[in-house]
Amino acid sequence: MAETASLVTQNHFELNNISIINPVDSINPRANDEIPTFDYSMLCSEDPETRSKTLIDLDKALKEYACFNLVNHDLPDKIIEDALKGISDFYDLTEEERKEYQTTDPTDKIRRCLFTTNGENRECLRVVTHPQFHCPTKPADFSEAFGEYVKRFRKIKCGLARAFSKILGMEDCYLEKALKLESGFDVAVLGVYPPWFELKGSYGVPAHSDSGFFVSLIETAPISLDVLTTTGNWVKAKIPPHAILVLLGDHFEILTNGKYKSPIHKLAQDNERKRISMATIHGPSLDTFMGPAPEFVDESHPPAYRGMTYTQSLQANGYHLIDVHSNMPQVRI
Ligand SMILES: O=C(O)CCC(=O)C(=O)O
Ligand SMILES: [Fe+2]
């Protein structure tokens, strides 16, 4: 596994249809280390000096942590709270009502998944939010609250794409074009981490990286997410209230030919309290051919990943599009 492999002994296996990467636990945990926080208004500042200084700091943070907290992002607290409340209310529906979405149809745009295994303990609802927005019709206010969050987040996504393009030394619209973000495939994973299931393992979600361009994460309770930095340290993510955690995705790593990494992260099981989270995997359009871009390939940096369309990478090993499953082990050369 590219750079991480030299730092971490990893062992891949399949359990209940989830590919699990188990880094050994004995690598330098740095308890006091913190994921950096960035002010969105400074990333998009009209003042060239402010923007360029912030982008230099962000570049450094992405190279080491591959993730950051985003604050001052223009998304009113109420919109975040209403979206999380909508998700919470969905989980207050009856088992019968939630079960309606528990299918395995490959064309699903909404799917409920339930894991209570050694490897994963959560209930989640996967919903495709872009290019078309999907949401259960119950409870009554859910779709509107969640839809408003998704709509408002789009502007932030475009701002981040411009900032990341600049960091790569390209024109502002580079990533928007390279990933065809206009029709990008976004899937939200709306999770509840349940104190009410029988505890079978120590993970809410086991160690993994996510596909796509980047992942945005909001949540209700103090987080128990651990992120593996590119220097081989597990850092506990502390998301300030109303901040959004942004993690790079596999396809950013692939596009940049490994110059930037998609971080491995895992969620420890917490049986004490109910936690609601929304992790959205923001992808390129399904037909985009994703391989290392020519700008990142030269004699000393030969292609380190096999190219394929986003659809092909999501469907590798029989997964469905809505599973947004990572297939990094197969694409690494
Ligand atoms: O719910 C969370 O905090 C993180 C979940 C996650 O990493 C994922 O769904 O990919
Ligand atoms: Fe994840």
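How far is an oxygen atom of ligand 1 from an N or O atom in the side chain of D210? The distance is 3.2 Å. The legends below describe a predicted model, in which local features need pLDDT of at least 70, side-chain atom pairs count only at pLDDT 80 or more, and totals for chains, interfaces and linings use all residues. Residues are numbered from 1 along each chain as its sequence is written, chains are lettered from A and ligands numbered from 1 in the order in which they are written, and side-chain values use heavy atoms, with hydrogens and water left out.

**View 1. The protein chain as a whole.** The chain has 10 helices and 16 strands. These are DSSP runs, numbered from the N terminus: helices are H or I with at least four residues, strands are E with at least two. Of the 333 residues, 58% are buried. Buried means under 20% relative accessible area, exposed over 50%, and partly exposed in between (1.4 Å probe, protein chains only). The accessible surface (Shrake-Rupley method, 1.4 Å probe; for residues, only the protein chains shown count as cover) is about 14,500 Å², and carbon and sulfur atoms hold 52% of that.

**View 2. The iron ion (ligand 2) and its protein donors.** Three residues supply them: H208 (NE2), D210 (OD) and H265 (NE2), at 2.1 to 2.2 Å from the ion. Donors are N, O and S atoms within 2.8 Å of the metal (3.2 Å for Na, K and Ca); water is not among the atoms, so sites may look incomplete. Along the chain the donors are spaced H-x1-D-x54-H. H208 belongs to strand β8 (residues 203-208). Its relative accessible area is 17%, so H208 is buried. D210 is buried too. The side chains of H208 and D210 make a polar contact at 3.5 Å. A polar contact is a pair of N or O atoms within 3.5 Å; within protein, one must be able to donate a hydrogen and the other to accept it, and residues adjacent in sequence count only if both atoms are side-chain atoms.

**View 3. The shell around ligand 1.** Residues surrounding ligand 1 include R122, Y193, L217 and L267. The iron donors H208, D210 and H265 also belong to this shell. A shell residue has a heavy atom within 4 Å of the ligand. Strands β7 (186-193), β13 (265-268) and β14 (275-282) each give at least two residues to the shell. An N or O atom in the side chain of R275 is 2.6 Å from an oxygen atom of ligand 1. For a polar side-chain atom of S277, the distance to a ligand 1 oxygen atom is 2.7 Å. On its own, ligand 1 has 290 Å² of accessible area, and the protein covers 96% of it.

**View 4. Cysteines without a disulfide.** The structure holds zero disulfides (pairs of cysteine sulfur atoms within 2.5 Å). For C113, the nearest cysteine sulfur is that of C124, 4.5 Å away. C113 is buried, at 9% relative accessibility. The C173 sulfur is 12 Å from the closest cysteine sulfur, in C158, which is too far for a bond.

View 5. Most residues other than glycine have a negative phi, and most peptide bonds are trans. The H130 to P131 bond is cis, with omega near 5 degrees. The K138 to P139 bond is cis as well, with omega near -5 degrees. A66 has a positive phi, near 60 degrees. N72 has a positive phi of about 50 degrees. A66 is buried at 1% relative accessibility, whereas N72 is partly exposed at 46%.
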